[in-house]
Amino acid sequence: MWLAAGTSADRPRTFKKQAEKDVYDRRGEPEEEEESEDFAKPKHKGTEGLIEIENPNLVKPKNIKAKDIDIGKTTDISRREREELEKQKSHERYMKLQEQGKTEQARKDLDRLALIRQQRAEAAKKREEEKAAKEERKAEARK
């Protein structure tokens with residue numbers, strides 16, 4: 001028993017119904033059953049509908065209204081943020097002590113500064129003495 005290609009004698013009835021639906025879809029007359037299905041299942045692009053993915057970048061942020069915000073609620077900060085705040089506070093404390101001269105480094109700096117001031121004062125005194133001696137020699141040379 002040979003059948004020619006394209007004959008509908010062996011085709012099951014479901015294919016025939018599917019072909020009729022396609023004809024209606026092409027005309028632009030959507031069926032009511034399909035409309036209700038569209039609301040239930042959104043159409044996905046590509047393989048999006050086949051695989052369930054929980055990508056945090058795809059999640060839209062929840063918008064919170066101002067009236068729903070709990071003002072008394074404190075937000076927990078992350079470990080990195082907490083460590084950064086602690087670092088800043090300790091640095092500020094250190095700089096405050098540094099200004100007051102209470103840290104070891106500040107004491108060393110102040111000692112070094114005092115030594116430099118003393119050396120400069122001695123050098124200035126020596127220059128004044130040499131200048132005075134030079135003027136005396138000039139005065140003696142003129143006489």
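The largest pocket of this predicted model holds about 180 Å³ of space. A pocket here is an open set of points on a 1 Å grid over the protein atoms alone, with protein on both sides within 12 Å along at least five of seven lines; its volume is the space filled by probe spheres set on the points. His 44, Glu 48, Gly 49, Ile 51, Glu 52, Ile 53 and Leu 58 form the lining, where a lining residue has an atom within 4 Å of a point. By type, the lining divides into 3 nonpolar, 2 polar and 2 charged residues, with Gly counted as polar and Glu as charged.

Let's step back to the whole chain. The protein has 4 helices and 0 strands, giving the pattern α-α-α-α along the sequence; helices are DSSP runs (H or I) of at least four residues, strands (E) of at least two. The accessible surface comes to about 15300 Å², and carbon and sulfur atoms own 51% of that (Shrake-Rupley method, 1.4 Å probe). Of the 143 residues, 3% are buried, meaning under 20% relative accessible area.

Thr 103 sits in the loop between helix H3 (79-100) and helix H4 (104-142), while Gln 98 belongs to helix H3.

| Residue | Relative accessible area | Contacts beyond four places in sequence |
|---|---|---|
| Thr 103 | 9% | Tyr 94, Leu 97, Gln 98 |
| Gln 98 | 19% | Thr 103, Gln 105, Ala 106, Asp 109 |

Contact means heavy atoms within 4.5 Å. Thr 103 and Gln 98 touch one another, and Gln 98 also reaches Gln 105, Ala 106 and Asp 109. Ala 106 meets Thr 103 as well: its backbone nitrogen lies 3.2 Å from a polar atom of the Thr 103 side chain. Why is Thr 103 called buried? Thr 103 counts as buried because its relative accessible area is 9%.

A word on reading these values: residues are numbered from 1 along each chain as its sequence is written, and side-chain values use heavy atoms, leaving out hydrogens and water. Local features need pLDDT of at least 70 and side-chain atom pairs count only at pLDDT 80 or more, whereas totals for chains, interfaces and linings use all residues.

Methods: Buried means under 20% relative accessible area, exposed over 50%, partly exposed in between (1.4 Å probe, protein chains only). On a 1 Å grid over the protein atoms alone, a cavity is a set of points where a 1.4 Å probe fits but cannot get out, and a pocket is an open set with protein on both sides within 12 Å along at least five of seven lines; lining residues have an atom within 4 Å of a point. A polar contact is a pair of N or O atoms within 3.5 Å; within protein, one must be able to donate a hydrogen and the other to accept it, and residues adjacent in sequence count only if both atoms are side-chain atoms.
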